[in-house]
Amino acid sequence: MRISVIGCGYLGAVHAAAMASIGHEVVGIDVDENKISTLKRGEAPFFEPGLPEILTRGVNSGRLTFSTDMVCAAGARVHFLAVGTPQQASGYAADLSFVEAAVDTLIPHLRRGDIVAGKSTVPVGTASRLASLIEPTGATLIWNPEFLREGWAVEDTVDPDRLVVGVPGGSTEGAIVSAEGSEVCPTPNIVQTMKEVYHTAIAKNTPFIVTDYATAELVKVSANAFLATKISFINAMAEIAEATGADVTQLADAIGYDARIGRRFLGAGIGFGGGCLPKDIRAFSARAEELGRTESVQFLREMDAINLRRRDRAVQLVVDAFEDGVFEKKVAVLGAAFKPHSDDVRDSPALDVAARLKGFGADVVVTDPQALENAAQLHPQLTYTSDRDEALRGADAILVVTEWDEYRHQMSPSHAASLVREKVIVDGRNCLDPVAWRAAGWTYFGMGRP
Ligand code: UDX
């Protein structure tokens, strides 16, 4: 099937390449000329495991092309909208200007019967507003939210846990009728077309949920809100553990065995960051307030506050490790990305903590296997090295803030001890074995651990 993907950022680039990898003929469109020329060469503009391989294959096969010209979208049967919806410069609401601009530019190239599939994370109510703009072309808007995780984006796109498609009126039968009364596109055709798009997932019996616009939009934001809540819940328990001498990791294991709770996303530490969870829960709160439902999502403000407090806690643990504070002490910060398997530093708790320690006068040296270039752009005041041993050499404290395998499994306490000045380690992600580090003579501090 011929497919266009409008917006080749994180979501769009992965989606375009993944769609080509399952046999579709795909054109990716973006206004950023640099990004498009990188993608045209079959190269990924950011780090994502598995993406360079499918980009190269797609481009070499001729099935995957890229352009800055929206005219190239003409003739596609399905047009995916994958542009960003960042937090507004002023306030918490989502900035929809990129989505609106993409729709405006796409409209002249739509044909009767085309499907425009919104993938961007938007405030509930956006799809029905955009649908009224698209409807006169005879194309139909559907909402098909994306749940991919950075680091597993290719796998999540090709083999998702579920597929959600919001159609006008939420009907699974009958036809969608335009305001003028003419039939735009029969719903069964839309559903059938989307099943053809995702044929590999459908062949694996992936749950396929057909619903209305509002539900489809809400599935995405509520899933992210739930995940953020789960992380903040365990981090709140970490605060209680710190007041009582309990161990939050054992607590998480014990409650996680309950199948109703589950162990995933109960990793206590310096909390969530990245380009999605923080902005999405804030935009969700802002939208609920607009809808007069402030009290329904009041708890999300609390989740956000718990999350940010854990960053303070990590800073405090490092500062308190020294009798006379952290001024001019060398702190080796292991990690800059908001999570492992990513070079993304947007709202990274790791970098926030590092920058605050620098603000207290510490001599901060940051290392990370992938994210240093992005980190240096965001926080040029910090010192960076790609050599972990160099970061550790002469350090008065180590702070682990991104749980890369390089630190979890490939850093021996005795080797680290041979490099540092003081054997103090703060494990901001509870990813190290305290027994092994203490046995090697280290003073170990975890988050919510005795
Ligand atoms: C998230 C959602 O998981 C994904 O479904 C959605 O499409 C986009 O947002 P992502 O931003 O890639 O994906 O990261 P995720 O794996 O969810 O992690 C988010 C943050 O939570 C990271 O900073 C991570 O370190 C943190 N986290 C995660 C914890 O602090 N503890 C955990 O137990 C899990």
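Asn430 sits in the loop that links strand 15 (424-427) to helix 18 (434-439). Helices (H or I, at least four residues) and strands (E, at least two) are DSSP runs, numbered from the N terminus. The phi of Asn430 is near 45°, a positive value in a residue other than glycine. Asn430 counts as buried because it has 21 C-beta neighbours inside 10 Å. A residue is buried if 20 or more other C-beta atoms, placed from the backbone, lie within 10 Å of its own, exposed if 12 or fewer, and partly exposed in between.

The model is predicted; local features need pLDDT of at least 70, side-chain atom pairs count only at pLDDT 80 or more, and totals for chains, interfaces and linings use all residues. Residues are numbered from 1 along each chain as its sequence is written. The mean pLDDT (the predictor's confidence in each residue, from 0 to 100) of the chain is 95. A pLDDT of 70 or more is reached by 96% of the residues. The scores are ipTM 0.98 and pTM 0.94.

Glu328 also has a positive phi, about 60°, and is not a glycine. Its loop runs between helix 12 (298-320) and strand 11 (330-334). Glu328 counts as exposed because it has 10 C-beta neighbours inside 10 Å.

Helix 1 (residues 10-21) has 12 residues, which should span 16 Å at 1.5 Å a residue; its end C-alpha atoms are 17 Å apart, which agrees. The expected span is 1.5 Å times one less than the number of residues. Gly23 follows helix 1 and has a positive phi, near 105°.

The chain is assigned domain 1 (2-206) and domain 2 (212-450), with bounds from an automatic or database domain assignment. Their C-alpha centres lie 33 Å apart. The contact (C-beta atoms, placed from the backbone, within 7 Å) takes 28 residues from domain 1 and 26 residues from domain 2. On the domain 1 side, helix 5 (126-134) and strand 7 (163-167) each supply at least two residues.

Around the ligand there are 20 residues, of which Glu150, Gly267, Phe272, Cys276 and Lys339 come nearest. A residue is near a molecule if its C-beta atom, placed from the backbone, lies within 6 Å of it. Each of domain 1 and domain 2 gives at least three residues to this shell. Helix 9 (residues 213-244) supplies the largest share, three residues.

How values were computed
Two residues are in contact if their C-beta atoms, placed from the backbone, lie within 7 Å.
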